[in-house]
Amino acid sequence: MMHVFANFWLGKLNLQALPPNAIQWFGALLMISVPIGLAVFLTVTKRWKWLYKEWLTTQDPKKIGVMYIIVAVAMLLRGAADVALIKTQQSISVGHSMGILSSSHFQQIVTAHGTIMIFFVAMGLMFGLFNLIVPLQIGARDVAFPFLNATSFWLFFSGMVLVNLSLILGDFAATGWLAYPPLSELRYSPTVGVDYWIWSLEIAGVGSLLSGINFLVTILKMRVKGMNLMKMPMFCWSVLGSTLLIAFAFPILTVCLTLLALDRDIGTHFFTAGGGGNMMMYVNLIWAWGHPEVYILVLPAFGVYSEVVATFSRKRLFGYTSMVWAIMAIVLLSFIVWLHHFFTMGAGSDVNAFFGIMTMIIAIPTGVKIFNWLFTMYRGKIRLESPMLWFIGFVVLFTIGGMAGVMMAVPPIDFQLHNSLFLIAHFHMMIVGGVLFADFAAITYWFPKIFGFRLNERLGRIAFWCWLIGFLLSFIPLYILGFMGATRRLDHYAAGLGWQQLFIVSAIGAAVIGIGVGVQILQLVYSYFSRRNNLDLSGDPWDGRSLEWSTPSPVPFYNFAKTPHVTERDAFWVAKRHNLKDTRPYEDIEIPKNTPLAMIIAAGALAFGFAVVWHIWWLAVIGLLTSVVSLIVRSMDEHTERIIKAEEIERLDKLYSGGLSR
Amino acid sequence: MSSLRADDVDVLVSRHQPEQATLKGYVIGFGSSIILTMTAYLLARYGLLDKPIMVALLATLALAQFAVQLIYFLHVGREFSPRLKLMVMLTMMLIVFILVAGSIWIMNSLNGRMMNTKQMVQYMNNQNNL
Amino acid sequence: MSEISPALRLARTNKLIAKYDKESKTIFGFWVYLMTDCVLFASLFATFAVLRHNTFGGPTAADLFSLPYVLAETLALLTSSFTCGLAVLSAQQRHKNRVVFWFAVTFLLGATFLALEINEFHKFVAMGDSWRRSGFLSSYFTLVGTHGLHITIGLLWMAVMVAFVIKRGITDGTLKRIRMLSLFWHFLDVVWIFIFTIVYLFGVIKV
């Protein structure tokens, strides 16, 4: 009787779900202490109401963007902590020594590292930038669907919470970040780890899909009058490419995860070893999403570099049209290469050859972009400030990593390197060197626009050098280890292999990167407290080219007091050079009202996800109902906007552009 | 623009208006969909054609009905320039083609190179004998 | 009309255009969502295509499906797509009662379709041929079931929509929502053409 009772209310949840050993207890306590610490801080400083009104219920894309970036940075720290454990284990778990982690725990950490870094750091920073910059660059006051945008963020947040809950209750997938079956099937992974993985990605993935649709429509439908597509800043083009990929790739992920969940929960045979399932179909489907995902992340990064290089070289971007074509070529090609992730699965040589050649072809548009940036710098008046440093670091790393990629595009070579640390070195060079460096460049570059003061340049440079040197130290050994036969997710190896020195060098490199992260945190804190010396009063600290720099810093909530006037590319640059003044009258502005419903919908999704992981069906029903009812309530509401009068806008505009800092 | 006349206004405004539905369109769409469905059904149930011809015919009928419903129910192609809806749809169709055709090609290639059950049993027996 | 000043006419025109543009933005966004949903169905179709011969000793498509039954489902859904169009037409002409009537008809036809589908599923499961039986049946239940889930969501939406129309009448806001609902409903019928052909017709002629 007691058993049935507990089974109904708690599903599979019981005391054994608590962490089994000291290291895992430490992780769990750390995870609990963060929200508790935040809650105490908010209570002591009496900021709950402020948090609710200014942030939790906001529909302003700039604030949502900031929240994305805060979550992503917190997750970067979590991912970095995972790295510390991985690298320690790999340096000392040799021969008779078994290191500090059990094999299964090590695999969980590696899986969590990959999952978190891709879905909650890289994607989070990317969506943060979309929110902050896209509306400003196209001269819009908002995104196409503000409420949907807030919902997307909160779904992302819910997915993040679910991943981190696995530290406290139960375990995480020990399957690698893409959880191939049959290992990820119930039979071989009977704990809730894979379920946490599935449902956090499912929830965050729906958020990403909705966000992708939103920004696609924003760019296609909300550009200011006069800005046709070929006059858009290059960052917006790259976002357009990225959102097209999101819209058409993320549904595949949703299906793939759902089918795996059905296999685990209701006994279907999609990917099982028996029963007429086909596990190779999982690999096929997940990479049909997974390869476009790489370009979803890297295209906006390319866009950031295009902005940074043009601004800091004080020149028009070289080869604008070829850049656009390169982006669109990459969008298409990225859907025709997915098999290169599983050359070794045993398709015929015709199939492997086709996808190998397509993979090599994708290097061409990418090369076009690299040369365009270099030609933009050629004879430009280059200022080597830290965003530019990140760009140069990117060119070096991305070229090395890219060449390694072309190597692996040759199927026979891939047969040797597949699943080795060589591959790990390759894709970290692309994602850290390509995406993360771009995010750092972007944060440095646009920080004054959002917060009204610059980040400390000196600390920024130190952080950059730590990252670059640490990165090379950490990953060049992995290329070598890969050639020597070291596989990925390796938690123990024989002493006679002679790999230990290289693993230790790699760990030292990771530590140097860690110092870089520390310096970046210091940079944020220091710049905040010394902000009076770094204030950006002009609104245009870098002599920028696109519309966002025409607004005062920090950007007012309405973005533009008057809709900007655009006739050609680099509209603000042209306006500055010709000293154009806008004499049109102010107009009323519509602003979406705040609402907690977006957060409630996502909370319902979180409850649903958690409930399905633990088979607590009553909670699943409640969670789902919460989301659906909130959605219906919202859809019935026809008064979701408020009007701000022209006189008020005029008053605020004079106040802000008068150089008064808030 | 200051000499805007009433006719111009109508033209200008109609270019921004959502596509208007018409009874004629729905009737044509419904009628032809019924005919196409019934043809496909009767073919599949009573048709005595070779399988490849049958497949080709049924696929053609499905695509025809797809086109009919796109035009008459979903009003595809009736928007004014830039035809964003059409462009997004064509992109989607390209991606869907790549995904479905590619998956089938890849999976058939993989399946064709797998042992069937008989071969596998034989292989396992050989392994045991060794 | 001819007496108003050109400036006033321009201002009115711009206001009207802004209103239409806002509506077309929302509808375009929903359209893009439908396109992503097509990719979702395409992934399920691809899975079905790959697994359809993996019957694992269980029944094949030809053993299970009865074409007359599926034809009844198909006609119910197709007719509901037509009546949904009539509802949009009535909404365009601002006939509130007719909108409610046609949506009611559409709802009943949709519910009939769903009931037929559930009954079919129930029959298969009762015979022991559930989604657990084989890879083929897993992919069949999931593909057709996902469509059924969409139909269920559509019916829920329709019920809310009718309540909305009764309460508020046909306003610009309701008209926009009706247009989106009809897009959704027609789209589900389009997906069904392919389920009908690929799953049922191809299944019965043993492709």
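This is a predicted model: local features need pLDDT of at least 70, side-chain atom pairs count only at pLDDT 80 or more; totals for chains, interfaces and linings use all residues.
Student: Why is the pair A:Asp82 and A:Arg78 called a salt bridge?

Tutor: The closest N and O atoms of A:Asp82 and A:Arg78 are 3.7 Å apart. The cut-off is 4 Å between a side-chain nitrogen of Lys or Arg and a carboxyl oxygen of Asp or Glu, so the pair qualifies.

Student: What separates A:Asp82 and A:Arg78 along helix H4 of chain A?

Tutor: About one helical turn separates A:Asp82 from A:Arg78, because they are four residues apart in helix H4 of chain A. Over all chains, the structure holds 19 salt bridges.

Student: How many salt bridges and polar contacts are there between chain C and chain B?

Tutor: The salt bridge count between chain C and chain B is zero. For polar contacts, the rule finds six residue pairs across this interface, both residues of each pair being at pLDDT 80 or more. Helices H1 (6–51), H3 (67–92) and H6 (172–204) of chain C each supply at least two residues of the side that touches chain B. The largest share of that side comes from H1(C), with 21 residues.

Student: What makes up the side of chain C that touches chain B, by residue class?

Tutor: That side of chain C has 35 nonpolar, nine polar and six charged residues. In total, 50 residues of chain C are in contact with 51 residues of chain B. The two chains bury about 4,700 Å² between them, with 82% of this area on carbon and sulfur atoms.

Student: How much area do chain A and chain B bury, and which residues of chain A lose the most?

Tutor: Chain A and chain B bury about 1,800 Å² between them, 84% of it on carbon and sulfur atoms. In chain A, the residues that lose the most area to chain B are A:Phe248, A:Met280 and A:Trp338, together 27% of what that side buries. Helices H7 (193–221), H8 (234–266), H9 (279–313) and H11 (349–361) of chain A each give at least two residues to the side that touches chain B. The residues of that side divide into 17 nonpolar, four polar and two charged.

Student: What makes the nonpolar surface patch of chain A, and which helix gives the most to it?

Tutor: The patch, of about 630 Å², is made by A:Val73, A:Leu77, A:Ile521, A:Leu524, A:Val525, A:Tyr528 and A:Phe529. Membership requires over 30% relative accessible area and no salt bridge, and nonpolar side chains are joined within 5 Å; therefore these residues are grouped as one patch. Helix H4 (61–92) and helix H17 (500–529) of chain A each supply at least two residues. H17(A) gives the most, with five residues; A:Ile521 lies in this helix.

Student: What is the omega of each cis peptide bond, from A:Pro181 to A:Pro182 and between A:Ser553 and A:Pro554?

Tutor: Omega is near 5° for the cis bond from A:Pro181 to A:Pro182, and about -15° for the cis bond joining A:Ser553 and A:Pro554. A:Pro182 lies in the loop between helix H6 (146–168) and H7 of chain A. A:Pro554 is placed in the loop between helix H18 (531–534) and helix H19 (571–577) of chain A.

Student: What is the phi of A:Ala179, and where is this residue found?

Tutor: A:Ala179 has a positive phi of about 50°, although it is not a glycine. A:Ala179 is found in the loop between H6 and H7 of chain A.

Methods
Residues are numbered from 1 along each chain as its sequence is written. Chains are lettered from A and ligands numbered from 1 in the order in which they are written. Side-chain values use heavy atoms; hydrogens and water are left out. Contact means heavy atoms within 4.5 Å. Buried area is the accessible area (1.4 Å probe) that two parts lose on being put together, summed over both. A polar contact is a pair of N or O atoms within 3.5 Å; within protein, one must be able to donate a hydrogen and the other to accept it, and residues adjacent in sequence count only if both atoms are side-chain atoms. Ala, Val, Leu, Ile, Met, Phe, Trp, Tyr, Cys and Pro count as nonpolar, Asp, Glu, Lys and Arg as charged, and the others, Gly among them, as polar. Patches are made of residues with over 30% relative accessible area and no salt bridge: like charges are joined within 9 Å, nonpolar side chains (Val, Leu, Ile, Met, Phe, Trp, Tyr) within 5 Å. Accessible areas come from the Shrake-Rupley method with a 1.4 Å probe; for residues, only the protein chains shown count as cover.
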